[in-house]
Amino acid sequence: MNNKFYITTPIYYVNEKPHVGGAYTTIAADVLARFHRMKGDQVFFLTGTDEHGEKIAISAEANHKTPKEWCDENSAKYEEAWDVLKISHDNFIRTTDSKHEKTVVKVLEQLFKKKLIYPGTYQGLYCIDCERYYTPKELVDGKCPFHHHDLVTLSEDCYFFKLSAFQDILLKLISSNEFLIEPQERKNEILGFLKSEKLEDLAVSRKKVKWGIEFPFDKEQTIYVWVDALFNYLSGIDWDGDIKKLPKFWPPEVQLIGKDILRFHAVMWPALLLALELPLPKKLFAHGFFTVNGQKMSKSLGTGVNPEELAVTFGADSLRWLLLSLFPFGQDGDLSESRLYDKYNSDLSNGLGNLVRRVLTLAQDGSEFASSKIINVEFKEKIDSVWQKYEKALDGLHFETAIAQINDLIFFCDKYINQEEPWKLSKTDPDKLKNVLYNLLESLRHLSCLTWPFMPDKSNLILESLGILSQEHKKNLSEIKKFGEEKFEKVSQGKVLFPKIESVE
Ligand code: ME8
């Protein structure tokens, strides 16, 4: 039976250009989506753009565009960037899609009927860049903790959602892991927050903000952009707002986010779902933040790195590998250019690329060992153990550990070649040569499958050189993982997979 696997990324703020932070989350989600497709699961992978709010209207005006034109233009840039990065999403949701807007309105109508939304007046400190109010406690030196500028005091009539009613149930569901938050530090952070502060009701409408979905029972107001945005996770799988007709893919197996938007996803979002009596996502995983060359990456200050430029330097496949290999996924880290170059040369050019070239050069004519069947037991055991650790790592979202397993197998193969010295065997022991090469070719096949979720095109190039591209893609994972049953009748050299790149510094 195929398992269903629904995975989401945040929807990216359309006022910004695609940045390497968003690329990081989306590549990670894509690797998981591809890994689950390889396992035979029924995957739905959702990403998209977040398109309402005052800041967007202001930028549109400054660019002499209507807000919708501005959103169309910028949203297309995300789609193009995700194309370059080989993101295999099943839907790209935009919060200006009319289907999405209708779903959000229906949600609010139902919450109103349930008396979980009521009118009132809100006064607070508002950050226009975050599109949210802050409590005085949350400020850093009296300023926005993210944008470091002063906040404006706003007072307005609005509608509130009874968020406070969900404090105890959230505490219970999070502590018991029924709503799983990972890594542990992030779970502790949310539990600490829920234990120490009383949840305030949430203002879910804005009078001041004109570029938004019209509030259903008060045409003077628009729906708070975060409530609008969060429901993309349901409208993106075709939910029309009817709580009796849930889409097949709900709830998600994993929602991936960066730690900056943890509270929205760990408190506001599950509370809204509980209010509608809908099942909660199974797992929320918040990854770390990275600095770039030791500097804080700031999207609003325009110091974000353009992922498409990095893809030109390293190639999209390699960039996907490099971004996920630099530091453990849940932790913070630095994305220094020199480390990217070093890692490219060590893992890819000198590692995988060099091994593939070595083996294919030695193998020249595949027909000789196509059906050679003397399997090296040590090899078989190594490959079994690599697959086991690799799968465990990806199930736990430890991308760097899965990559380390692949590197370990490359090292193992290189060592085997150095020990067996196959270039000498053609004269001394041609039968042994066939077996040595068979084991190596079979290992290359495994390596190409292990790298497939990370580097789909490079993986296909290896399979093509091995002459087994189309048949390999027809296999399920348990067939892929077998050792010694493949035949290699049409081995060819192929091109250099990872040409050396010199740092420009
Ligand atoms: O927050 N390091 O969108 P967004 C790692 N629209 N990840 C980073 C990063 C960095 N330096 N900078 C950004 C929004 N990210 C909302 C989401 S969801 C219903 C609405 C990643 O475009 C991180 O995953 O400002 C962050 O959560 C995401 O980009 C979205 O940023």
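Trainee: How many salt bridges does a search of the whole structure find?
Mentor: This is a predicted model, so local features need pLDDT of at least 70 and side-chain atom pairs count only at pLDDT 80 or more, while totals for chains, interfaces and linings use all residues. Residues are numbered from 1 along each chain as its sequence is written, and side-chain values use heavy atoms, with hydrogens and water left out. A salt bridge here is a side-chain nitrogen of Lys or Arg within 4 Å of a carboxyl oxygen of Asp or Glu. Searching the whole structure by that rule gives 38.

Trainee: Which residue forms a salt bridge with R263, and where is that partner?
Mentor: The closest N and O atoms of the R263 pair with E138 are 2.9 Å apart. The pair links distant parts of the chain, 125 residues apart, with R263 in helix α9; helices (H or I, at least four residues) and strands (E, at least two) are DSSP runs, numbered from the N terminus. The partner is E138, in the loop between β5 (132-134) and β6 (152-161).

Trainee: Is K219 buried or exposed?
Mentor: K219 forms a salt bridge with E214, and their closest N and O atoms are 3.1 Å apart. Buried means under 20% relative accessible area, exposed over 50% and partly exposed in between, using a 1.4 Å probe and protein chains only. E214 is partly exposed at 40%. K219 has a relative accessible area of 62%, so the word for K219 is exposed.

Trainee: What is the relative accessible area of D347?
Mentor: D347 forms a salt bridge with K343, their closest N and O atoms being 3.0 Å apart. Both lie in helix α12 (residues 337-363), four residues apart, about one turn of the helix. D347 counts as buried, and its relative accessible area is 8%.

Trainee: Why is strand β11 said to be largely enclosed by the rest of the structure?
Mentor: In a regular strand the side chains alternate between the two faces of the sheet. In β11, V254, L256 and G258 point one way, while Q255 and I257 point the other way. The strand spans residues 254-258, and it is largely enclosed because the number of its five residues that are buried is five.

Trainee: Which strand pairs with β11 over four bridges?
Mentor: Two strands pair if DSSP finds at least two bridges between them. Strand β1 (residues 4-13) runs parallel to β11 and is joined to it by two bridges, with I7 opposite V254. The four bridges are also in the parallel sense, and there I257 stands opposite A286. The strand asked for is β12 (residues 283-287).

Trainee: Which helix makes a β-α-β unit with β11 and β12?
Mentor: The unit is right-handed: with the strands pointing away from the viewer, the path from the first strand over the helix to the second runs clockwise. The helix in this unit spans residues 262-275 and is α9.

Trainee: How many disulfides does the count come to?
Mentor: A disulfide is a pair of cysteine sulfur atoms within 2.5 Å. C144 is in none, and the nearest cysteine sulfur, that of C127, is 3.8 Å away. C449 is in none either, and the nearest cysteine sulfur, that of C413, is 14 Å away. The count comes to zero.

Trainee: Which residue is joined to P251 by a cis peptide bond?
Mentor: Most residues other than glycine have a negative phi, and most peptide bonds are trans. P251 lies in the loop between α8 (232-235) and β11. The cis bond to P251 has omega near 0 degrees and comes from W250.

Trainee: What is the phi of D238, which is not a glycine?
Mentor: D238 is also found in the loop between α8 and β11. At 56% relative accessibility, D238 counts as exposed. Its phi is positive, about 75 degrees.
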